[in-house]
Amino acid sequence: MAYADKQLKAREIITKAVCGKGRKFSTVTHNVTPPHHPTSILGAWIINHQYEAVRSGDGIEVIGTYDINIWYSYNKNSQTDVAKETLSYVEHVPLSYLDPKHRASTEEVSAESTQEPNCIEANISSSGSGVVIRVEREFAVELVAETKIWVATLPGSSDDGKDFEYGDDGDFEDLDPELLDDEL
């Protein structure tokens, strides 16, 4: 009996699946006050980035910290020092896709830093006593949960699958065997 001749039925299955996704790029500004009044900025970088994701309202919050290191000169460019400051942040990432029929009690969230926090600009503040730093970062988040899906089933099919017949409509005769990839 051919596959098309059998009557298809549907069955509801509960499975874990990606039920929500989101992505957010942001630029933030931080003010760091070094122990000395800076004359010039020689470098600024971000290290020790750590974060975790939690479900929050209509999205996922990424909660994290990172260290900002600023190498600067002071005393009319006669001495240098490095100012270090640990900053914390909370980034709300809205979900652009969310399956409304997922089981909320089974939610698991995760975040990936697709663009690690990076200093894109560092300037001496207008007061002359601090440094204004612009940082860019980006996160992609996922929500995995149990959800229901419908699948087609064939009644009375055997365990070995030998009762399936796939129609041969001859569409493969025109294929060029030279196009096949030998590395597969």
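In the predicted model, Arg55 forms a salt bridge (a side-chain nitrogen of Lys or Arg within 4 Å of a carboxyl oxygen of Asp or Glu) with Glu107, the closest N and O atoms being 3.2 Å apart. Because Arg55 lies in strand β2 and Glu107 in the loop between β5 and β6, this pair ties together parts that are 52 residues apart in sequence; strands are DSSP runs (E, at least two residues) numbered from the N terminus. Arg55, at 29% relative accessibility, counts as partly exposed, a class lying between buried (under 20% relative accessible area) and exposed (over 50%), with a 1.4 Å probe and protein chains only. Residues are numbered from 1 along each chain as its sequence is written. Because the model is predicted, local features need pLDDT of at least 70 and side-chain atom pairs count only at pLDDT 80 or more, whereas totals for chains, interfaces and linings use all residues, and side-chain values use heavy atoms, without hydrogens and water.

Nine salt bridges are found in the whole structure. Among them, the side chains of Glu108 and Lys16 meet at 2.5 Å, N to O; Glu108 belongs to strand β6 and Lys16 to strand β1, so that the contact ties together parts 92 residues apart in sequence.

Four strands form an open sheet in the order β5-β1-β7-β6, with antiparallel pairing, where two strands pair if DSSP finds at least two bridges between them. Strands β5 (97-98) and β6 (108-124) stand at the edges with a single partner strand each, so one side of each is left without a neighbour in the sheet. Strand β1 (residues 9-32) and strand β7 (residues 131-153) pair over 23 bridges.
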